[in-house]
Amino acid sequence: MKKFFFIFILALIPFASTTVSAESDLQLNSEAGIIIDAKSGKVLYEKNMKKSMYPASLTKVATAIYAIEHGDKNELVTVSKKAAKADGSSVFIEPGEEIELSKLIAGMLINSGNDAAIAIAEHMSGSEKLFMEDLNEYLRKEVNVTDTHFTNPHGLFDKDHVTTASDLAKITQYAMKNETFREYFGKKELPWEVETWDTTLVTHHKMLKGELPYKGITGGKTGFVSKSGYTLISTATRGEQDLIAVTLKAPSDKGAYSDTKLLFNYGFENFKSGKIDKKSKLYSADYSNSYTLNEDLYYTHLISDQPSLKTSNDGILSIMNQEEEAIESFDLKAVADVKNTVLPAPIKKETINDKLIKFSVPSLGGGEF
């Protein structure tokens with residue numbers, strides 16, 4: 001009787017990667033844009049993704065995830081005069097007022113409060129200047145972005161306050177792994193009672209609040225200053241597929257949303273997400289080593305593909321498309337526990353689908369494992 005190893009396909013640590021692409025000619029209004037698979041990090045489409053741009057209030061995504069990871073959501077923040085007098089969009093907080101950190105973070109994301117952003121920065125690091133040093137170091141070391149330098153926590157224009165579509169997608173991908181951030185990022189409204197204002201904050205993101213409905217939308221952040229144009233981050237989920245879209249410097253609000261819809265449609269209509277589960281066991285090509293995964297591995301493939309696995313003698317796992325081209329590769333030595341092994345018979349590699357990877361062992365006899 002044949003024996004089978006069943007590996008059910010869930011964060012991606014790529015070793016080497018090749019492009020997964022579909023025929024596309026997306027005409028974006030925005031000067032820069034990108035759509036990525038949130039699980040694998042694979043870029044599905046991009047326009048000027050490495051171009052240095054002004055993000056406006058998309059900056060607040062970075063401020064929010066830093067505060068969530070480094071602060072106590074229940075601690076009270078005392079609002080300074082500087083925070084209360086912030087220019088631009090506001091949640092109308094007053095000097096001396098004490099507000100929970102979690103409430104300020106949510107208000108900052110939902111109503112884009114610049115006053116909330118400054119209050120958070122001062123509370124987290126003692127001053128806005130020190131916070132920017134902490135935030136930029138965090139983005140470099142923890143999020144691994146390379147082309148971002150923020151000079152304030154809110155995104156009001158500064159010529160040195162720059163990032164890229166690629167970096168913003170990475171920051172959002174990182175942030176969306178945090179349950180608290182996902183909750184705030186996906187909120188459509190929030191009851192808001194402070195000393196001078198009793199209201200309900202409603203998200204500015206038109207897809208999220210249903211003004212421009214889109215199937216599967218899960219979160220979003222808007223931005224605008226004259227130098228940046230209209231900027232937008234959006235997240236959406238359908239089935240097992242999570243996508244992140246970023247558009248920068250659209251000439252109009254309408255153009256930013258049109259581009260986002262175009263990017264999402266392209267991603268959902270052409271690509272699928274695959275996963276190899278943690279604890280799955282794989283073998284080198286010569287069967288001399290076994291590898292038990294210590295984390296989940298994600299990859300992205302064209303809907304038309306039926307990907308298969310291929311391992312090398314030195315422990316490189318490649319996801320192959322139907323043309324036998326590697327669409328994703330992983331160094332198993334970095335993501336798995338390695339053991340020397342001797343198998344009584346060769347293992348035959350079979351085609352996989354998104355849910356099941358099957359290896360047959362014809363001569364081991366008796367049962368399944």
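Which residue stands opposite Leu309 in S16? I began my notebook with that one, and I found Ile319 facing Leu309.

**Ground rules**

I'm working with a predicted model, where local features need pLDDT of at least 70 and side-chain atom pairs count only at pLDDT 80 or more, while totals for chains, interfaces and linings use all residues. Residues are numbered from 1 along each chain as its sequence is written, and side-chain values use heavy atoms, with hydrogens and water left out.

I also noted how elements get their names: helices (H or I, at least four residues) and strands (E, at least two) are DSSP runs, numbered from the N terminus. Two strands pair if DSSP finds at least two bridges between them.

**Entry 1**

I followed S15 to its partner, strand S16 (residues 316–320), and found four bridges joining the two in antiparallel fashion. I then looked at the whole open sheet, which has three strands in the order S15-S16-S17 with antiparallel pairing. Strands S15 (308–311) and S17 (326–331) sit at the edges with a single partner strand each, so one side of each has no neighbour in the sheet. I noted an average twist of 25° from one strand to the next; angles run from 0 to 180 degrees between N-to-C directions, and axes are lines fitted to C-alpha atoms, for helices over the stretch in contact.

**Entry 2: the five-strand sheet**

Next I looked up an open sheet of five strands, ordered S3-S2-S10-S9-S8 and paired antiparallel. Here S3 (43–47) and S8 (217–225) are the edge strands, each with a single partner strand, so one side of each is left without a neighbour in the sheet. The twist averages 5° from one strand to the next.

Inside this sheet I checked strand S9 (residues 229–238) against strand S10 (residues 241–250): they pair antiparallel over eight bridges. Ser234 stands opposite Ala245 in S10. Helix H8 (residues 253–270) packs on the sheet and touches strand S2 (32–37), S3, S8, S9 and S10, where contact means heavy atoms within 4.5 Å. The direction of H8 makes about 150° with that of S10.

**Entry 3: a hairpin**

How many residues does the hairpin use to join S6 to S7? I found two residues. Strand S6 (residues 189–194) and strand S7 (residues 197–202) run antiparallel, joined by six bridges. Pro191 stands opposite Thr200 in S7.

**Entry 4: helices around H3**

A reminder to myself: two packed helices are described by the angle between their axes and the distance between the axes.

I took H3 (residues 101–111) and H4 (residues 114–125) and got axes that come within 9 Å and cross at roughly 140°. H3 and H4 are therefore oblique to each other (under 35 degrees is roughly parallel, over 145 roughly antiparallel, 65 to 115 roughly perpendicular and the rest oblique). From H3, Leu101, Leu104, Ile105 and Met108 meet Ala116, Ala117, Ala119, Ile120 and Met124 in H4. The contact of H3 with H4 has nine nonpolar residues, no polar and no charged (Ala, Val, Leu, Ile, Met, Phe, Trp, Tyr, Cys and Pro count as nonpolar, Asp, Glu, Lys and Arg as charged, and the others, Gly among them, as polar).

For H1 (residues 59–70) and H3, the axes come within 10 Å and cross at roughly 165°. That makes H1 roughly antiparallel to H3. Lys60, Val61, Thr63, Ala64, Ala67 and Ile68 in H1 meet Leu101, Ile105, Met108 and Leu109 in H3. I logged this contact of H1 with H3 as eight nonpolar, one polar and one charged residues.
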